[in-house]
Amino acid sequence: MNQNKLFNRTRSHLAISYAAVMGLILSLLGFGVYKAIAHAHWVAIDRELASVAGTLHDSLEIKLQQPGKLEPIVNELLPNLRVTGVNGWKKSQPNRHILTALDQSYYYIRLFDYSGNLIATAGTYPATLPPTFNPQYWQTITDIKGNIYHQISVALHTKTQEDWGYFQVGRSLQDFHNYLNTVKLILKLGLPTALISIAFSSWLLAGLAMKPIYASYRQIQQFTADAAHELRTPLAASQATVESALLMPQLDEKEAREILRTIDRQNRRLTQLVTDLLLLARMDSQTNDGAKSVSEALEEDRPQLCCLNDLVSDLVEELAVVARSSEVALISEIRVQQQLKVVGDADQLYRLVTNLIVNAIQYTPAGGKVTAILDCSHQEAIIQVQDTGFGIAEADLARIFDRFYRVNSDRSRHTGGSGLGLAIAQTIARAHRGSLSARSQVGFGSTFLLRLPL
Ligand code: ADP
C-alpha cells in the first residue's frame with residue numbers, strides 16, 4: 001500500500017485532517033482549562049481578601065474611639081504595624097497578633113483617615129506602592145516597579161458609629177501570575193507533544209482504515225486485468241480466423257463452414273464468460289449493498305423450494321454422457337430417507353452442483369470415479385462431490401475459489417475453463433446462506449463439500 005501514490009496521499013490527507021481537527025479541539029480545550037483555572041484562582045483570592053477584610057473590620061471597629069486616631073490596642077491586632085509620625089515612620093512590634101492571617105507574608109494593610117491621608121501600614125507592605133487613596137471596593141494597582149497588587153477598600157467607623165476613615169487589605173499577585181505561567185508552560189509543552197502523538201497515531205489508524213479498501217482495490221484491479229485477459233483470448237482467436245479467411249483468394253463451402261464454426265465457438269466462449277461475469281457482479285452487488293440473500297428474498301417474495309434429492313439424481317443422470325465420454329464412472333449416493341428441500345433459486349443451485357460434478361469429471365483421469373453424495377446433519381443439507389482424480393496441492397487449495405484462478409492453466413484452458421466456475425459456485429452457496437469448501441490430496445482425489453441450511 002505504501003508504494004501506491006493515491007493511497008499514500010489519501011492516508012496522509014486523512015492523518016493530517018485528523019491531527020488538525022484534534023489539534024484544534026485540544027487547543028480550545030487547553031484554552032478553556034487555562035481560563036477556568038485562572039478564574040477559580042482569582043475567585044479564591046477575592047474570597048480570601050474579603051474574608052480577611054471582614055474579620056479586620058469587625059475587630060478594628062470595636063477598638064476605635066476617635067476618628068483618624070489609632071488606639072494602642074490596634075498594635076496587638078496587626079503585625080508589623082508602622083505608624084506615620086511627624087518625622088517619618090514609627091515602628092511598633094507586638095509579641096502576638098489577633099489577626100494571624102495577616103502574618104502570611106503576602107498581605108499588607110493600609111489605614112487612611114477620612115480625608116484619604118495614609119495613617120499606618122501593616123503586614124508585608126511594599127514601600128513601592130503609591131500612597132494615594134482610592135475608595136473603590138475592589139482595585140488592581142501597579143507599583144512603580146510594575147508589580148501588580150489586588151486590594152479591597154473598606155470604610156471604618158468608631159465604636160460610636162462616627163466615620164473613622166478607611167482601611168485597605170491587599171496582596172501581591174506575583175504568586176498568582178507565577179502559578180498561571182506554570183499552567184501556561186505545561187499547556188504549551190503538552191499540546192505539541194499531544195499533537196505529535198496524535199499525528200503519529202492518526203497515520204497508523206489511517207493506514208489500518210485503508211487496508212481493507214486497498215485490498216478490495218487490488219482485487220478489482222486484478223479482476224479487471226484477468227477479465228480483460230480472458231476476453232482477449234477468444235476475441236484474438238476470432239480475429240485471427242477472420243483475417244486468415246480474408247487472405248484466402250477463394251473459399252469453398254466446407255472451408256467457410258469450418259471458419260464459421262470456429263468463430264461460433266469463440267463467440268459462445270465469450271458469451272459464457274460475459275454471462276458469468278454479469279452473474280458474479282449481480283451477486284456481489286447484492287451481498288455488498290446489504291441486500292437480502294437469494295434465499296431471504298425468495299422466502300419473502302415467492303417461496304421456492306428446491307428438492308436436493310431430485311437435484312442430485314437429475315444431474316447425475318444428465319452428466320452421465322459427459323462422464324462416459326471421459327471414461328469416468330459417475331454415481332449418486334443418497335444417504336437420507338426423506339426429501340431434503342432448501343429455499344432457493346433452483347437454477348442457481350443446479351448450476352453450482354453442475355460446476356462441481358463437471359470439474360470432478362474433467363480433473364479425473366479415465367477409469368476414475370466421481371460420486372455425488374447427499375446427506376444431512378443438524379438442519380443442514382450436505383452435498384459432497386468426491387472424485388479419484390489428480391487432486392489439488394495444499395497451496396492451490398486456498399486459492400481455487402478466487403476468480404480466474406486456475407491450478408493448471410494449460411489443462412484448464414484445454415477443458416474450456418476460465419477459472420470462474422468455483423468462484424461462481426461459492427458465490428451461489430453464500431447467497432443461499434450456505435458454504436462451499438474443499439479438501440484434497442494430490443494423486444488421490446478431491447472432495448467438495450456444500451452445506452445448505454434446510
Ligand atoms: P475452471 O473453469 O478452470 O475449471 P474452476 O473455478 O472451476 O475453473 O476451478 C479452478 C481450478 O480448480 C481449476 O483450474 C482446477 O485446476 C481446480 N479444480 C477444480 N475442481 C477440481 C477437481 N475436482 N480436481 C482437481 N482440480 C480441480
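Student: What is the handedness of the crossing of α1 and α3?

Tutor: A crossing counts as left-handed if the near helix is turned anticlockwise from the far one by less than a right angle, and as right-handed if clockwise. The crossing of α1 and α3 is right-handed. Please note that this is a predicted model, in which local features need pLDDT of at least 70 and side-chain atom pairs count only at pLDDT 80 or more, while totals for chains, interfaces and linings use all residues. Residues are numbered from 1 along each chain as its sequence is written, and side-chain values use heavy atoms, with hydrogens and water left out. Helices (H or I, at least four residues) and strands (E, at least two) are DSSP runs, numbered from the N terminus.

Student: At what angle do helix α1 and helix α3 pack?

Tutor: Axes are lines fitted to C-alpha atoms, for helices over the stretch in contact, and angles run from 0 to 180 degrees between N-to-C directions. Helix α1 (residues 5–61) packs against helix α3 (residues 174–247) at about 155 degrees, and the axes are 7 Å apart. That makes α1 roughly antiparallel to α3; angles under 35 degrees count as roughly parallel, over 145 as roughly antiparallel, 65 to 115 as roughly perpendicular and the rest as oblique. The residues of this contact divide into 29 nonpolar, nine polar and two charged. Here Ala, Val, Leu, Ile, Met, Phe, Trp, Tyr, Cys and Pro count as nonpolar, Asp, Glu, Lys and Arg as charged, and the others, Gly among them, as polar.

Student: In what order do the five strands of the open sheet stand?

Tutor: Strands of a sheet pair through backbone hydrogen bonds, either parallel or antiparallel. Two strands are taken to pair if DSSP finds at least two bridges between them. The order in this open sheet is β9-β11-β12-β14-β13, with mixed pairing. Strands β9 (329–334) and β13 (435–441) are at the edges with a single partner strand each, so one side of each is left without a neighbour in the sheet. From one strand to the next, the twist averages 15 degrees.

Student: How many bridges join β12 to β14?

Tutor: Strands β12 (residues 380–387) and β14 (residues 445–453) run antiparallel and are joined by seven bridges. Within β14, L452 stands opposite A381. Seven bridges also join β13 to β14, again antiparallel, and S446 in β14 is the bridge partner of S440. The hairpin of β13 and β14 has three residues between the strands, and G443 takes a positive phi near 90 degrees there.

Student: Which strands does helix α8 lie across?

Tutor: Contact means heavy atoms within 4.5 Å. Helix α8 (residues 346–362) lies across β9, β11, β12, β13 and β14, and runs at about 25 degrees to β12. The axes of α6 and α8 come within 10 Å and cross at roughly 45 degrees. That makes α6 oblique to α8. In this contact, D310, L311, D314 and L315 of α6 meet L349, Y350, V353, T354 and I357 of α8.

Student: How many aromatic pairs does the structure hold?

Tutor: A pair of aromatic rings is described by the distance of the centres and the angle of the planes. Rings of Phe, Tyr and Trp (its six-membered ring) pair if their centres lie within 6.5 Å; planes under 30 degrees apart count as stacked, over 60 as edge-to-face and the rest as tilted. The structure holds 12 aromatic pairs. The ring centres of Y108 and Y149 are 6.0 Å apart with planes at 75 degrees, so this pair is edge-to-face.
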